[in-house]
Amino acid sequence: MQTTQHFIDLLKKSDEPRIVNVSSGLGSLTFHSSSSDFGMYAVYSCSKTALNAFTLNLAKELRDTNIKINSVEPGYTATNLNNYSGTQTIEQGVEVIVKYATIGINAPTGKFFNKEGEFAW
């Protein structure tokens, strides 16, 4: 949050600034409300829920600027975090991140997306 806030003034000088927060489906409150077991990812889930709240609040704060800020869920990607058990490569996981880092000026802001489109908060 501090890093993002530090760069806001610089981003405002850009023609098409973007902030993409890498979240997780585990950070979805919709997921939280329909699941009874968070297992070993409870802390991780809560941190991603907080990230999503930050995304939404910052998007509202910056609604009168040209900055687009969104959260994205890259999917279950094989990384060190999950001992490389993810079902997709890093290259596949990054596609949705790049997509929302390069969205056009008329694109949405303050949303949560995955590869299929808008994702439930």
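**Ground rules.** Residues are numbered from 1 along each chain as its sequence is written. The model is predicted, so I kept to pLDDT of at least 70 for local features and 80 or more for side-chain atom pairs, with all residues in totals for chains, interfaces and linings, and to heavy atoms for side-chain values, without hydrogens and water.

**Sheet.** I looked up the strand order first. The open sheet has 4 strands, E1-E2-E3-E4, with mixed pairing. Strands here are DSSP runs of E, at least two residues; helices are runs of H or I, at least four; both are numbered from the N terminus. Pairing takes at least two DSSP bridges between two strands. E1 (18–22) and E4 (117–118) are the edges, each pairing on one side only. I then checked E3 (112–114): E3 and E4 are antiparallel, over 2 bridges. Asn114 has Gly117 in E4 as its bridge partner.

**Helices on the sheet.** H4 (90–101) touches E1, E2 and E3 (contact: heavy atoms within 4.5 Å). I read about 155 degrees between the directions of H4 and E1. Angles run from 0 to 180 degrees between N-to-C directions, with axes fitted to C-alpha atoms, for helices over the stretch in contact.

**Helix H1 (2–12).** Which residues of H1 are buried? I found Thr4, Ile8 and Leu11 (buried: under 20% relative accessible area; exposed: over 50%; partly exposed in between; 1.4 Å probe, protein chains only). They lie on the same side of H1 because their arc is only 85 degrees around the axis, taken from the directions from the helix axis to the C-beta atoms. Their cover includes E1 and H3. The face turned away carries exposed Gln2, Thr3, His6, Asp9 and Leu10.
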